[in-house]
Amino acid sequence: MADTGPGMADTGPAMADTHPGMADTHPGMADTGPGMADTHPGMADTGPGMADTGPGMADTGPGMADTGPGMADTGPGMADTGPGMADTGPGMADTGPGMADTGPGMADTGPGMADTGPGMADTHPGMADTHPGMADTGPGMADTGPGMADTHPGMADTGPGMADTDPGMADTGPGMADTGPGMADTGSGMADTGPGMADTGPGMADTGPGMADTGPGMADTGPGMADTGPGMADTGPGMADTGPGMADTGPGTADRTFMPLFHCMLRPQSIQSDCVYRINHRELRFARTLIFTVEEINRDPKILAGVTLGYRLYNGCASDNLVRAAIEAINGKEHEGHACKRRIQVLLGHSSSGVSKDISKIIGPLHIPQISHLSTCACLSDKKLYPTFFRTVPSDRFQIMALVQLMKHYDWRWVGVVYYSSLYSRQGAAEFSKEAKREGICVEYSKRFRKSHSTKFYTLLETIRNSSSKVVLLFMSSTQTSTFLDRIEGMNITGKQWVGSESWVTQAHLASAERKSILKGTIGFAIPGASIPGLTEFLLNLKPSDEPQSSMVKALWEDVFDCTFSPSNTSAVCDGTEDLTTVSSQYTDRQVFRTENSVYKAVYAVAHAFKSLLQCKSGFNPSTGKRCMNKADVQPEHVLEHLRLVNFTMQNGDKVLFDENGDIGGQYELVNWQIREDGSADIVNIGRYDSSSPEGKKFKLRDDIRIIWGGDHSQVPRSVCREPCPPGTRKAINKQKPVCCFDCFECPEGTVSNQTNSPDCLMCPPEFWPNERKDKCHPKPIEFLSYREIMGALLTVFCCLGLFLSLLTSIIFLVHKETPIVKANNSELSFLLLFSLKLCFLCSLTFIGRPSEWSCMLRHTAFGITFVLCISCVLGKTIVVLMAFRATLPGSDVMKWFGPAQQRLTVMAFTLVQVVICILWVTISPPFPNRNMKYYKDKIILECALGSSVGFWVVLGYIGLLALMCFILAFLARKLPDSFNEAKFITFSMLIFCAVWIAFIPAYVSSPGKFTVAVEIFAILASSFGLLTCTFVPKCYIILFKPERNSKKHMMGKMPHKHL
């Protein structure tokens, strides 16, 4: 091949292009000037008036001779030494067929070899030496700098200190990456995509063996094709290139800008012999969805006017081949029949998070955006590691949050997790465990499922079977879940509620009659379904004749129709006319589109990014404010910038908007597996989760759908390590067990807990006390001596009895007031004593009933004054007895000094002292009603507080003092000579009185609550009854039953002396 002008490349044998910007419109023909026609195959016309002398010969100027078929002479005096050889300068020799010498003194030593510098030798076919004095040391190896050594077969090291890290890889300089076996990079920024290829200028790429790129930015895509200007690509024989950066997809096709995309699917070039039988129906469905979407966008002039989207589809049987496919795509490696020569602008895929992770690490530094439709791993949201990664499927971060909310909603606090070793499964299980722990959900076990390790599988099986958790989260891909279910069929795994991850929970093909008991009632979150008009028909109308070169379509056909395209004695022969609507598989699934909608949105996101990138108003892009972009200048980094700005709504109402992590919002449908009798599954939508909704409204269940539960449960299964602590108890964490396996302790006395799983018990307010269940604080019962209780009623009866007896005695004495026994000892004092006793009995009643401010003051003052009055009367009667005895002595006139007036005055004087004491007490610090909560914890004692203890004890002490004086005087008068010696009875009454009140003091101090009041009433009644009985009963007995003794004679008669 010969190139005769700067920047020109000849892509086919015997073709010469003599002017920039010229296009060859027919295989094997070259046109060297505008408006010139080629009249014979292989002949070139070089200008007006020039003749073509033979087939394949080109004459480049007048007077020049062509010396052989297919030979071109480029100047006078130049010789051509062999067929098909061109000499490009004086003194240059061509030493072999098809060889070109590009400088004086240069020799080419083998077919197909080029020498690019003086004095350089090429020692092996297909090898290029790019520096003087360099030698190539092995097949396919290139050394690009002095002193460099090649350390491994097929490897080239191009700079000091560089290491070759993989067989067949070449390192070209610091910071350079080697992209494939046998590839050499000879300059900064240059990439070689195939063995034996040489790059001769900055920014140039060679896509096939033996091809040379002679101008900056030019790419050659196949034999027989001509590139006529910088940056132009020709896509096939017979096609014309119409402008920089533009590709024409077929003869007669309108000129549009062609933006190449990328997606992963099986392609004939990469299918190995064993890959066809592992065909993935779902991936083919995704690829066909991409094709459908691209064609739909290209038909719509409103989205990308004047621009056509293109695509390349790649696949590999393993991730290594997929990564290689990604490398081929970004390097622009040509393939026969492909419409795209240029490097891709966007990469769509992959379905696997692990593969997407590897691809993103490669293309990230090149600023090529990647959009995945199914890679959900939350790790891919890290923009530091994956700066160009986007996805139209929710991140697992949202799915995990939804799963945790589901567990919380049904109070599943004790769950198991089974996962696989893939990135999606491993990362998802780990993130779920972290989020669950934050929300108080415990993972009883988190076990990895291994396909090939039978011992560990049976360990996993026993763990699931013997675990106390009723809920098991199966976080795996669809393929891994199918394998897992195959292994546990018939293993007696019952009573479990299975929760699936979005990767498999909508795959109805996993259901079967054998798995009915396992999968019944399974629930999980799924990508929301959507309607895509026309997609179902597009998928099901596929025929092998539509893709005659696609081995994958043939493999699909053979798989679903159980036939073969190759003659066989064992299988039916496929004729290619079978109808896909008659079979059922993952490819022909007619349910709502879920992941397909993610593919659909991904392609539309790219289209809207291009639309945003190419819009122009007044010379500036309205989205970024930068200068308008020419179609030919679009680079991946520009698309990346505008992908971040994408914000549009699909026809079905879905909003597409990427956040700062390249994620879209997390929206899911909660689905329930309702298994039919034949084992098939009806996947029912029972709820929804939307991460964009306010807190508390993200998770919502439908009320009109009946939910089927797993594990033969008729209602929501319980899955807890320990039932929640009920109200009245507190929750205590056991440090030796998971946080969900806590202990419950009853609340201590006086405390309550009114919530389930309360961490603490709270004290009730002072006037409240817990109920029996200790879940509420009730007002404490108030205790006081009431008329309604037995003790209060009995004391009231005794008070009334004492009052009645006192009144009866008064009546008896009043009726018999003229009798000697009544008149014997100052009847006036007797009536006053009876009156004071009535008051004593009545004041006892003030101690019974609910204390009030007035009753408290009345009870103590009345008690003090009435008792002093009573004791004063007794004391007066005692003094009268003594004075009367003294008066009987000769010459004694003592009675005139203690007559009735003095007796009344004495009683009043003694009583007045107590009245003064009571007035001072009530004035300074009066008694008052008090709620005593110290003595009892569970009740309140309503009592009369003394106010001033000194006042109380002074009142009581004064009573005691008078009683003591009375007792002493009565005791001295007990033996006086008298037939009726009243002093004896007074002595007895005072003895009883003093005994009662001496016993009262310790009883009063130690008695609790109402019993204190009861003791005080008892003391009053006892002393009152003692006085009444000892003073008046003997006299009433004589008056009523011994009237003969009620005479003055008998009263004055001598009585025998009696001693106490």
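Predicted model: local features only at pLDDT ≥ 70, side-chain atom pairs only at ≥ 80, totals over all residues.
We may start with the helices. Two packed helices are described by the angle between their axes and the distance between the axes. For helix α15 (residues 827-845) and helix α20 (residues 1010-1041), the axes come within 10 Å and cross at roughly 155 degrees. An angle over 145 degrees counts as roughly antiparallel, so α15 is roughly antiparallel to α20. The crossing of these two helices is left-handed. On the α15 side, the contact is made by S830, L833, L834, L837, C840, F841, C843 and S844. Helix α20 contributes I1017, I1020, L1021, S1024, F1025, L1027, L1028, T1031, F1032 and K1035. Sorted by class, the residues in this contact are 13 nonpolar, four polar and one charged.

Strand β22 is mostly covered, with seven of its nine residues buried. One of its pairings is with strand β17 (residues 523-526): the two run antiparallel and are joined by four bridges. Within this pairing, A526 has E669 of β22 as its bridge partner.

Strand β22 is also joined to strand β23 (residues 681-690), here by nine bridges, and this pair too runs antiparallel. Among the bridged residues, I675 is partnered by A681 in β23. Together, β22 and β23 form a hairpin, and five residues lie between the two strands. In the turn of this hairpin, G679 has a positive phi of about 95 degrees.

Technical notes
Residues numbered from 1 in each chain as written. Heavy atoms only, no water. Axes fitted to C-alpha atoms, helices over the stretch in contact; angles between N-to-C directions. Parallel < 35°, antiparallel > 145°, perpendicular 65-115°, else oblique. Left-handed = near helix turned anticlockwise from the far one by under 90°. Contact = heavy atoms within 4.5 Å. Nonpolar A, V, L, I, M, F, W, Y, C, P; charged D, E, K, R; others polar. Buried < 20%, exposed > 50% of the residue type's maximum accessible area, 1.4 Å probe, protein only. Pairing = 2+ DSSP bridges.
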